[in-house]
Amino acid sequence: MMGDNHSDIYTRLDPHGEVLAQRYSTYFAPTLKEAPAEAEIVSHKLLIRAGFIRRLAAGIYSYLPIGLRSLRKVERIIRGEMNRFGAREVLLPAVQPAELWKESGRWDQFGPELLRIKDRHDRDYVVGPTHEEVITDIIRREVRSFRDLPLNLFQIQTKFRDEIRPRFGLMRGREFIMKDGYSFDLDEVGAERSYQAMFNAYQNVFRRCGLKFAAVEANSGPIGGSYSHEFMVLADSGEDAIAFCPQCQYAANLEKATAPAYPITPGPIGQPLDKVYTPNCRHVPELARYLNVPEASIVKSLLFFDAQKNPLLVLIPGHREINLVKLRDALDGFEPTLASPEEAEKIMGVPMGYVTPIKAQTRIWADQGIERLKSGVAGAGEKDYHYLNAEVDRDFQVNQFLDLCLVEANDPCPKCGQPLDIKRGIEVGHVFKLGLKYSKALGATVTAADGSESLIVMGCYGIGVGRTLAAAAEQNHDPDGLVWPLALAPFQVALLPLQIQNPNVLAAAEELLDKLTAAGVEVLYDDRDVRPGVKFKDADLLGLPLRLTVSEKTLEKGGAELKNRADRVVVTLDLAAAPTEIVRLIKAFLAPS
């Protein structure tokens, strides 16, 4: 269909070696009218319908050509910012020997998400979910002197975590593409500089991707370390909840957020214990209704087991929920186990719901709200009975008061005291201060200036590459399909000739294609001999930022019709001026904000 003088259009490359133009008729971009039944959220549905990805198995996806173009754009943005901040790229093995994981202690700690395999010699390996052990092993072998530090290494590579319930397409897969980076410093001062540099780099990455995001204080989880931030793309479909202060911009994920001064009304002091009949009131709401008291006045008693299998009674106000991550942190990283009703009754001698802290023989921890409650309703240690006026210190002793509850909307901000909002977010990046966790376990040291051996202080920095793409889709769509930020769009322009049998239409479209690619614009050229409605629907579904239509009607008006996918504004451009105007728009879109 194209003349010989246009044959070079399809071999023109951008600075990254990508072909600038593709013919839709010969491109592999299969679209679907309907999403498959297993697709639950918008990004999953649209990325499948638009031909970006296809499912191979649960939590395992293939990237098709158009999806890979967008994925590569995310990777290029990441590489650019890593290079800007002095990180150096490596590529580490996906399969790792179990010995390294046993040496770090994570062979037993990581749990069933770690895919363990054996080779033909019956030796244990893992398919890497992350690479702290591997990179630390390289550093302990190759880095000898403080003069070799600081050092920052990163890679972009496929990982595997055997999620118990993979879902939401690229959002929570088992196999995924991740950028993971690691910093190595002589001391905490240097480590703080490295952490801040990567924090800034990550902000640049997500800004350049065109995303609305928040950096929030976070829990370090199985990676470990003393301090971390998550980068959350704000979206209603996000799996994670974020406590956010509109006044001072404090932000933390719900696992990490604190609001120790949440409202609570202290009960009366000095009143005698009053044992009352509470038939079939095992749960807080029914007990509150029966006694006609607020749920906040009830002491909720939860029985857990610690690392030594010893019982631990945890008390929280009845209107709050336990934060298991905070409890885990208080137990030095041990995952607390809630006692079953049978176990609780065997240990405490009474069914759950009537367990009492009064005269309890177990260790007792309590949320700070219990200390401020002063007096409330507590189990009586007897079925169908509770105590009124149970006072802290007088009637029961607490071994330790801690911040153990989940933050809720309108709780006071821990920094400025203003009401907190709860937003939804998608985690796309995470930065950690690892400290000495891995260097100590694996013996990664350098010789300091005074000749002594010094453990290397480490940091860890991850970005979910595919998840960033999915988060962008989740944040940028409308009822007709995807609406890509220009930085992540697989092509910048969809060029649609509507009557390709008309030589005037075809010649005008080919001339535009030639000039656009000569100016470095990425074009998906829809040369298919199909109805205009099909081309329009596919262009909207793919979500390319600009749509340039050439038809008999637009030529009668003197040019081509340009539609902005995001705001749907349509203008008619003179054919000669169209390429210049499109280049101007693209530069404006990509200009730093």
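In what order do the three strands of the open sheet stand, and is their pairing parallel or antiparallel? The order is 5-7-6, and the pairing is antiparallel. This report covers a predicted model.

## Domains

The size of an interface is often given as the accessible area lost when the parts come together. Between domain 2 and domain 3, about 400 Å² is buried. Carbon and sulfur atoms give 35% of that area.

Seven residues of domain 2 touch five residues of domain 3. Three residue pairs are in polar contact between these domains, counting pairs with both residues at pLDDT 80 or more. How many salt bridges cross the interface of domain 2 and domain 3? The rule finds zero.

Strands of a sheet pair through backbone hydrogen bonds, either parallel or antiparallel. In the sheet with order 5-7-6, the pairing is antiparallel. Strand 5 (95–97) and strand 6 (115–118) are the edge strands; each has a single partner strand, so one side of each lacks a neighbour in the sheet. From one strand to the next, the twist averages 40 degrees.

Strand 7 spans residues 124–127. Four bridges tie strand 7 to strand 6, and three bridges tie strand 7 to strand 5. Val 127 takes part on both sides: Leu 115 has Val 127 as its bridge partner, and Val 95 stands opposite Val 127. Strand 6 and strand 7 also form a hairpin, with five residues between them. Asp 122 sits in the turn and has a positive phi of about 65 degrees.

A second open sheet holds six strands in the order 1-29-28-30-31-32. Its pairing is mixed. Strand 1 (21–23) and strand 32 (570–574) form the edges; each has a single partner strand, so one side of each is left without a neighbour in the sheet. The twist here averages 25 degrees from one strand to the next.

Strand 28 (residues 493–497) runs parallel to strand 29 (residues 523–525), and three bridges join them. Leu 495 has Tyr 525, in strand 29, as its bridge partner. Helix 14 (residues 532–542) packs on the sheet and touches strand 28, strand 29, strand 30 and strand 31. The direction of helix 14 makes about 180 degrees with that of strand 28. Helix 13 (residues 503–518) lies across strand 1, strand 28, strand 29, strand 30 (546–550) and strand 31 (559–564). Helix 13 runs at about 160 degrees to strand 29.

## Salt bridges

Side chains of opposite charge can pair when their charged atoms come close. How many salt bridges does the structure hold? The count is 44. One of them joins Arg 106 and Glu 132, with the closest N and O atoms 3.0 Å apart. This pair links distant parts of the chain, 26 residues apart. Arg 106 belongs to helix 4 (residues 106–109), while Glu 132 belongs to helix 5.

## Backbone details in two loops

Which residues does a cis peptide bond join? The bond lies between Leu 149 and Pro 150, with omega about 0 degrees. Pro 150 is in the loop between helix 5 (132–142) and strand 8 (151–160).

Lys 374 has a phi near 70 degrees. That is a positive value in a residue other than glycine. Lys 374 lies in the loop between helix 10 (368–373) and strand 19 (375–379).

Notes
Residues numbered from 1 in each chain as written. Heavy atoms only, no water. Pairing = 2+ DSSP bridges. Axes fitted to C-alpha atoms, helices over the stretch in contact; angles between N-to-C directions. Contact = heavy atoms within 4.5 Å. Buried area = accessible area lost by both parts, 1.4 Å probe. Salt bridge = Lys/Arg side-chain N within 4 Å of Asp/Glu carboxyl O. Polar contact = N/O pair within 3.5 Å; in protein donor to acceptor, adjacent residues only side chain to side chain.
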